[in-house]
Amino acid sequence: MKIKIPFILLSIILFLNTVSQEDPYKKEREKMVRYQIENRGLSNKATLTAMRDVPRHLFVPKYLLGNAYDDRPLPIGHGQTISQPYIVAYMTAIIEPEPGDKILEIGTGSGYQAAVLAKITDSVYTIEIIKGLYETAKTRLSEIGYSNIQIKYADGYYGWEEHAPFDAIVVTAAAEHIPPPLINQLRDGGKMIIPVGSPFKVQSLMLVQKKDGKTTTSNLMHVRFVPFTRSK
Ligand code: SAH
(Lines give C-alpha, C1' and ligand atoms only; values in the text may rest on other atoms or scores of the structure.)
Protein backbone atom coordinates (compact mmCIF):
# COMPACT_ATOMS: atom_id res chain seq x y z
CA MET A 1 0.00 0.00 0.00
CA LYS A 2 1.22 3.46 -0.86
CA ILE A 3 1.09 6.08 1.90
CA LYS A 4 0.10 9.45 0.55
CA ILE A 5 1.36 12.57 2.32
CA PRO A 6 -0.61 15.61 1.30
CA PHE A 7 1.53 17.94 -0.80
CA ILE A 8 0.98 20.90 1.52
CA LEU A 9 2.18 18.91 4.57
CA LEU A 10 5.22 17.75 2.67
CA SER A 11 6.03 21.34 1.74
CA ILE A 12 5.77 22.44 5.37
CA ILE A 13 8.05 19.62 6.53
CA LEU A 14 10.62 20.45 3.86
CA PHE A 15 10.42 24.15 4.69
CA LEU A 16 10.93 23.59 8.43
CA ASN A 17 13.80 21.26 7.69
CA THR A 18 15.53 23.89 5.53
CA VAL A 19 15.02 26.59 8.14
CA SER A 20 16.49 24.48 10.92
CA GLN A 21 19.43 23.48 8.74
CA GLU A 22 20.03 27.07 7.75
CA ASP A 23 21.03 28.10 11.22
CA PRO A 24 21.16 25.49 13.94
CA TYR A 25 22.38 28.19 16.34
CA LYS A 26 19.35 30.45 16.05
CA LYS A 27 17.85 29.17 19.30
CA GLU A 28 21.10 29.62 21.20
CA ARG A 29 21.35 33.15 19.88
CA GLU A 30 17.82 33.90 21.01
CA LYS A 31 18.66 32.62 24.51
CA MET A 32 21.84 34.72 24.53
CA VAL A 33 19.89 37.88 23.68
CA ARG A 34 17.15 37.20 26.22
CA TYR A 35 19.13 36.09 29.22
CA GLN A 36 22.44 37.88 28.80
CA ILE A 37 21.34 41.13 27.21
CA GLU A 38 17.64 41.96 27.65
CA ASN A 39 17.60 40.66 31.21
CA ARG A 40 20.42 43.06 32.04
CA GLY A 41 18.24 45.94 30.97
CA LEU A 42 19.50 46.70 27.48
CA SER A 43 16.59 47.64 25.24
CA ASN A 44 18.00 49.40 22.15
CA LYS A 45 15.96 47.72 19.38
CA ALA A 46 18.50 47.98 16.57
CA THR A 47 21.20 46.46 18.79
CA LEU A 48 19.00 43.57 19.90
CA THR A 49 18.03 42.80 16.30
CA ALA A 50 21.66 42.85 15.20
CA MET A 51 22.68 40.56 18.08
CA ARG A 52 19.89 38.16 17.03
CA ASP A 53 21.09 38.22 13.41
CA VAL A 54 24.88 37.97 13.47
CA PRO A 55 26.05 34.33 13.57
CA ARG A 56 28.55 34.64 16.46
CA HIS A 57 29.57 30.98 16.08
CA LEU A 58 31.22 31.85 12.74
CA PHE A 59 33.55 34.28 14.55
CA VAL A 60 35.09 31.88 17.09
CA PRO A 61 37.73 29.19 16.54
CA LYS A 62 36.28 25.80 15.53
CA TYR A 63 37.24 24.13 18.81
CA LEU A 64 35.08 26.67 20.67
CA LEU A 65 31.96 26.29 18.50
CA GLY A 66 30.03 24.86 21.42
CA ASN A 67 30.88 27.90 23.56
CA ALA A 68 30.16 30.60 20.98
CA TYR A 69 27.06 31.84 22.81
CA ASP A 70 28.47 31.62 26.35
CA ASP A 71 28.25 34.65 28.64
CA ARG A 72 31.99 35.41 28.43
CA PRO A 73 34.82 36.48 26.14
CA LEU A 74 36.60 33.72 24.20
CA PRO A 75 40.15 33.38 22.88
CA ILE A 76 40.58 34.00 19.15
CA GLY A 77 44.33 33.35 18.89
CA HIS A 78 47.37 35.67 19.06
CA GLY A 79 46.55 36.28 22.74
CA GLN A 80 43.39 38.23 21.82
CA THR A 81 39.70 37.71 22.62
CA ILE A 82 36.26 38.21 21.15
CA SER A 83 34.34 40.26 23.73
CA GLN A 84 31.51 38.92 25.87
CA PRO A 85 28.17 39.27 23.99
CA TYR A 86 26.78 41.72 26.57
CA ILE A 87 29.78 44.03 26.21
CA VAL A 88 29.44 44.03 22.40
CA ALA A 89 25.74 44.88 22.76
CA TYR A 90 26.44 47.55 25.40
CA MET A 91 29.10 49.29 23.32
CA THR A 92 26.83 49.18 20.28
CA ALA A 93 23.79 50.54 22.11
CA ILE A 94 25.65 53.40 23.79
CA ILE A 95 26.72 55.01 20.51
CA GLU A 96 23.13 54.72 19.20
CA PRO A 97 24.06 53.79 15.64
CA GLU A 98 21.60 54.61 12.90
CA PRO A 99 21.29 53.75 9.22
CA GLY A 100 23.44 56.16 7.25
CA ASP A 101 26.09 56.48 9.97
CA LYS A 102 29.79 56.00 9.31
CA ILE A 103 31.48 54.15 12.14
CA LEU A 104 35.12 53.47 12.92
CA GLU A 105 36.18 50.51 15.03
CA ILE A 106 39.70 50.06 16.39
CA GLY A 107 40.57 46.42 17.09
CA THR A 108 38.85 44.21 14.49
CA GLY A 109 39.86 40.97 16.23
CA SER A 110 37.40 38.35 15.00
CA GLY A 111 35.30 40.92 13.13
CA TYR A 112 32.23 40.25 15.30
CA GLN A 113 31.73 43.78 16.68
CA ALA A 114 32.18 45.19 13.16
CA ALA A 115 29.54 42.77 11.86
CA VAL A 116 27.06 43.81 14.56
CA LEU A 117 27.61 47.49 13.68
CA ALA A 118 27.34 46.73 9.96
CA LYS A 119 23.87 45.22 10.48
CA ILE A 120 22.67 48.61 11.70
CA THR A 121 24.64 51.23 9.78
CA ASP A 122 25.70 51.78 6.19
CA SER A 123 29.45 51.84 6.52
CA VAL A 124 31.88 50.43 9.03
CA TYR A 125 35.64 50.96 8.94
CA THR A 126 37.72 48.69 11.15
CA ILE A 127 41.45 48.55 11.86
CA GLU A 128 43.48 45.63 13.22
CA ILE A 129 47.14 45.70 14.24
CA ILE A 130 47.84 41.92 14.17
CA LYS A 131 48.31 40.68 10.60
CA GLY A 132 47.03 37.14 11.20
CA LEU A 133 43.81 38.41 12.77
CA TYR A 134 43.38 41.02 10.04
CA GLU A 135 43.65 38.36 7.34
CA THR A 136 41.27 35.90 9.00
CA ALA A 137 38.70 38.61 9.69
CA LYS A 138 38.92 39.98 6.14
CA THR A 139 38.25 36.54 4.62
CA ARG A 140 35.52 35.75 7.13
CA LEU A 141 33.65 39.03 6.67
CA SER A 142 33.67 38.79 2.89
CA GLU A 143 32.64 35.10 2.97
CA ILE A 144 29.65 35.88 5.20
CA GLY A 145 28.85 38.79 2.89
CA TYR A 146 29.39 42.00 4.84
CA SER A 147 30.04 44.25 1.87
CA ASN A 148 29.71 47.44 3.93
CA ILE A 149 32.78 46.78 6.11
CA GLN A 150 36.21 48.04 5.11
CA ILE A 151 39.14 46.61 7.00
CA LYS A 152 42.70 47.84 7.27
CA TYR A 153 45.90 46.40 8.74
CA ALA A 154 47.45 49.28 10.71
CA ASP A 155 47.95 50.89 14.12
CA GLY A 156 44.51 52.27 14.93
CA TYR A 157 46.00 55.02 17.12
CA TYR A 158 46.00 57.26 14.04
CA GLY A 159 42.43 56.43 13.01
CA TRP A 160 41.48 56.42 9.32
CA GLU A 161 41.94 60.00 8.19
CA GLU A 162 40.65 59.72 4.62
CA HIS A 163 37.21 58.55 5.77
CA ALA A 164 36.85 60.98 8.71
CA PRO A 165 34.82 62.44 10.29
CA PHE A 166 33.02 59.48 11.85
CA ASP A 167 29.60 59.56 13.49
CA ALA A 168 30.90 57.17 16.12
CA ILE A 169 34.12 55.41 17.11
CA VAL A 170 34.28 52.12 19.00
CA VAL A 171 37.62 51.10 20.49
CA THR A 172 37.80 47.48 21.65
CA ALA A 173 41.27 47.44 23.25
CA ALA A 174 42.27 49.24 26.46
CA ALA A 175 44.35 52.35 25.85
CA GLU A 176 46.47 54.21 28.41
CA HIS A 177 44.98 57.46 27.11
CA ILE A 178 42.41 58.49 24.52
CA PRO A 179 44.31 58.86 21.22
CA PRO A 180 44.02 62.53 20.12
CA PRO A 181 43.77 61.58 16.39
CA LEU A 182 40.57 59.65 17.23
CA ILE A 183 39.05 62.68 18.96
CA ASN A 184 39.95 64.78 15.90
CA GLN A 185 38.26 62.29 13.58
CA LEU A 186 35.01 62.27 15.56
CA ARG A 187 32.26 64.36 14.00
CA ASP A 188 30.84 67.20 16.07
CA GLY A 189 27.88 65.63 17.86
CA GLY A 190 29.53 62.20 17.61
CA LYS A 191 30.27 59.62 20.31
CA MET A 192 33.26 57.44 21.03
CA ILE A 193 33.41 54.53 23.43
CA ILE A 194 36.81 53.39 24.66
CA PRO A 195 38.21 51.37 27.57
CA VAL A 196 40.94 53.37 29.29
CA GLY A 197 43.44 52.01 31.78
CA SER A 198 46.47 49.83 32.32
CA PRO A 199 46.76 46.51 30.50
CA PHE A 200 45.29 43.51 32.32
CA LYS A 201 44.04 45.65 35.22
CA VAL A 202 40.51 46.88 35.76
CA GLN A 203 39.85 49.65 33.25
CA SER A 204 37.16 52.29 32.83
CA LEU A 205 34.84 52.19 29.87
CA MET A 206 34.64 55.85 28.83
CA LEU A 207 32.09 57.65 26.72
CA VAL A 208 33.61 60.57 24.84
CA GLN A 209 31.23 63.14 23.36
CA LYS A 210 32.02 66.05 21.12
CA LYS A 211 29.67 68.98 21.01
CA ASP A 212 30.26 72.46 19.62
CA GLY A 213 33.95 71.68 19.47
CA LYS A 214 34.08 70.72 23.16
CA THR A 215 34.95 67.21 24.29
CA THR A 216 33.47 65.70 27.43
CA THR A 217 34.15 62.27 28.93
CA SER A 218 32.17 60.14 31.34
CA ASN A 219 32.96 56.90 33.07
CA LEU A 220 30.39 54.15 32.35
CA MET A 221 31.64 51.03 34.12
CA HIS A 222 34.63 48.91 34.93
CA VAL A 223 35.79 46.48 32.27
CA ARG A 224 38.71 44.28 31.34
CA PHE A 225 40.00 44.45 27.77
CA VAL A 226 43.16 43.25 26.05
CA PRO A 227 45.75 46.04 25.67
CA PHE A 228 45.81 48.66 22.95
CA THR A 229 49.26 48.08 21.44
CA ARG A 230 51.37 50.33 19.25
CA SER A 231 53.28 49.60 16.07
CA LYS A 232 57.03 50.17 16.43
N1 SAH B 1 36.28 43.80 18.41
C2 SAH B 1 36.90 42.49 18.51
C3 SAH B 1 37.56 42.30 19.86
C4 SAH B 1 39.01 42.16 19.63
S5 SAH B 1 40.08 42.25 21.01
C6 SAH B 1 35.90 41.38 18.20
O7 SAH B 1 34.72 41.66 18.03
O8 SAH B 1 36.32 40.24 18.07
C9 SAH B 1 40.97 43.74 20.62
C10 SAH B 1 41.70 43.77 19.31
O11 SAH B 1 42.36 45.02 19.23
C12 SAH B 1 42.79 42.72 19.15
O13 SAH B 1 42.56 41.98 17.99
C14 SAH B 1 44.08 43.54 19.05
O15 SAH B 1 45.04 42.98 18.20
C16 SAH B 1 43.55 44.85 18.51
N17 SAH B 1 44.41 46.02 18.74
C18 SAH B 1 45.14 46.33 19.84
N19 SAH B 1 45.79 47.50 19.66
C20 SAH B 1 45.45 47.95 18.42
C21 SAH B 1 45.81 49.10 17.65
N22 SAH B 1 46.68 50.01 18.10
N23 SAH B 1 45.27 49.23 16.41
C24 SAH B 1 44.42 48.31 15.91
N25 SAH B 1 44.06 47.20 16.59
C26 SAH B 1 44.56 47.01 17.83
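1. Strand S2 gives the most to the shell around the ligand, contributing three residues. The model is a predicted one, and the points below should be read with that in mind.

2. Strand S2 (80-82), strand S3 (102-106), helix H5 (112-120) and strand S4 (123-128) each put at least two residues into the shell around the ligand. That makes a helix and strands among the suppliers.

3. Which residues come nearest to the ligand? There are 26 residues around the ligand, and Glu-105, Ser-110, Glu-128, Gly-156 and Thr-229 come nearest.

4. Twelve of its residues are nonpolar, eleven are polar and three are charged.

5. An N or O atom in the side chain of Glu-105 is 2.8 Å from a nitrogen atom of the ligand. Backbone atoms take part too. A polar backbone atom of Gly-107 lies 2.9 Å from a ligand nitrogen. For Thr-229, a polar backbone atom is 2.6 Å from a nitrogen atom of the ligand. The protein buries 99% of the 580 Å² that the ligand exposes when taken alone.

6. Next, the overall fold. Seven helices and nine strands make up the secondary-structure count of the protein chain. The radius of gyration of the chain is 19 Å, close to the 17 Å that the globule rule gives for 232 residues, so the chain is as compact as a globular protein of that length. The C-alpha trace spans about 80 × 35 × 35 Å along its principal axes.

7. Some backbone geometry deserves a check. Most residues other than glycine have a negative phi, and most peptide bonds are trans. The peptide bond from Ala-164 to Pro-165 is cis, with omega near 0 degrees. Pro-165 is placed in the loop between strand S5 (149-153) and strand S6 (166-171).

8. His-78 belongs to the loop between strand S1 (74-77) and S2. Asp-212 is another, with phi near 50 degrees. The loop holding Asp-212 runs between strand S8 (203-211) and strand S9 (214-223).

Methods: Residues numbered from 1 in each chain as written. Predicted model: local features only at pLDDT ≥ 70, side-chain atom pairs only at ≥ 80, totals over all residues. Heavy atoms only, no water. Near = heavy atom within 4 Å. Polar contact = N/O pair within 3.5 Å; in protein donor to acceptor, adjacent residues only side chain to side chain. Areas by Shrake-Rupley, 256 points an atom, 1.4 Å probe, with all protein chains shown as cover. Helix = DSSP H or I, 4+ residues; strand = E, 2+ residues; numbered from the N terminus. Nonpolar A, V, L, I, M, F, W, Y, C, P; charged D, E, K, R; others polar. Rg over C-alpha atoms; globule rule 2.2 N^0.38 Å.
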